[in-house]
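Welcome to a short tour of one protein model. Take a moment to look over the sequence and the 3D view, and then read on.

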Amino acid sequence: MTLTVSVVLVLGVLVAVALKFRAIGVGAFILVALFGFSLSETGAAPTITQFIGALSDAIADIGN
C-alpha cells in the first residue's frame, strides 16, 4: 500500500504543532514563511525540490 502525502501538508502540520506548543512564536513563523516564499523565487528552488524528492525516495526505500 502506498501513501502519498504532500510535503507542504506535512510541513504545515509541523508548523501548526510548533505554534501550538509555543516552540516558535508567530513572528518567527511569519519570518520563516516569508523566507520560504522568497527562496522559492530563486535559482535554488529546483535544487531544493530535487533534494526533497531524493530524501522522500530514500525514506520510501527504507521499508523495502
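## A helix to start with

How many residues does α1 have, and how far does α1 reach from its first C-alpha to its last? The helix α1 has 14 residues and reaches 20 Å, close to the 20 Å expected at 1.5 Å a residue. The expected span is 1.5 Å times one less than the number of residues in the helix.

Before going further, please note that this is a predicted model, in which local features need pLDDT of at least 70, side-chain atom pairs count only at pLDDT 80 or more, and totals for chains, interfaces and linings use all residues. Residues are numbered from 1 along each chain as its sequence is written, and side-chain values use heavy atoms, with hydrogens and water left out.

## The whole chain

The protein chain has three helices and zero strands (DSSP runs numbered from the N terminus: H or I of at least four residues for helices, E of at least two for strands). The radius of gyration of the protein chain is 14 Å, well over the 11 Å that the globule rule gives for 64 residues, so the chain is more spread out than a compact globule. Here the radius is taken over C-alpha atoms, and the rule is 2.2 Å times the number of residues to the power 0.38.

Along the principal axes, the C-alpha atoms fill a box of roughly 40 × 30 × 15 Å. Of the 64 residues, 3% count as buried (under 20% relative accessible area; exposed is over 50%, and partly exposed lies in between, with a 1.4 Å probe and protein chains only).

R22 is found in the loop between α1 and α2. Although R22 is not a glycine, its phi is positive, at about 60°. R22 is also exposed, with a relative accessible area of 74%.

## The largest pocket

The largest pocket has a volume of about 590 Å³. On a 1 Å grid over the protein atoms alone, a pocket is an open set of points where a 1.4 Å probe fits, with protein on both sides within 12 Å along at least five of seven lines. Its volume is the space filled by probe spheres set on the points, which are joined across faces, edges and corners.

This pocket is lined by 17 residues (those with an atom within 4 Å of a point), and V8, L11, A33, G36 and F37 lie nearest its centre. The helices α1 (7-20), α2 (26-40) and α3 (45-62) each supply at least two lining residues, and α2 gives the most, with eight.
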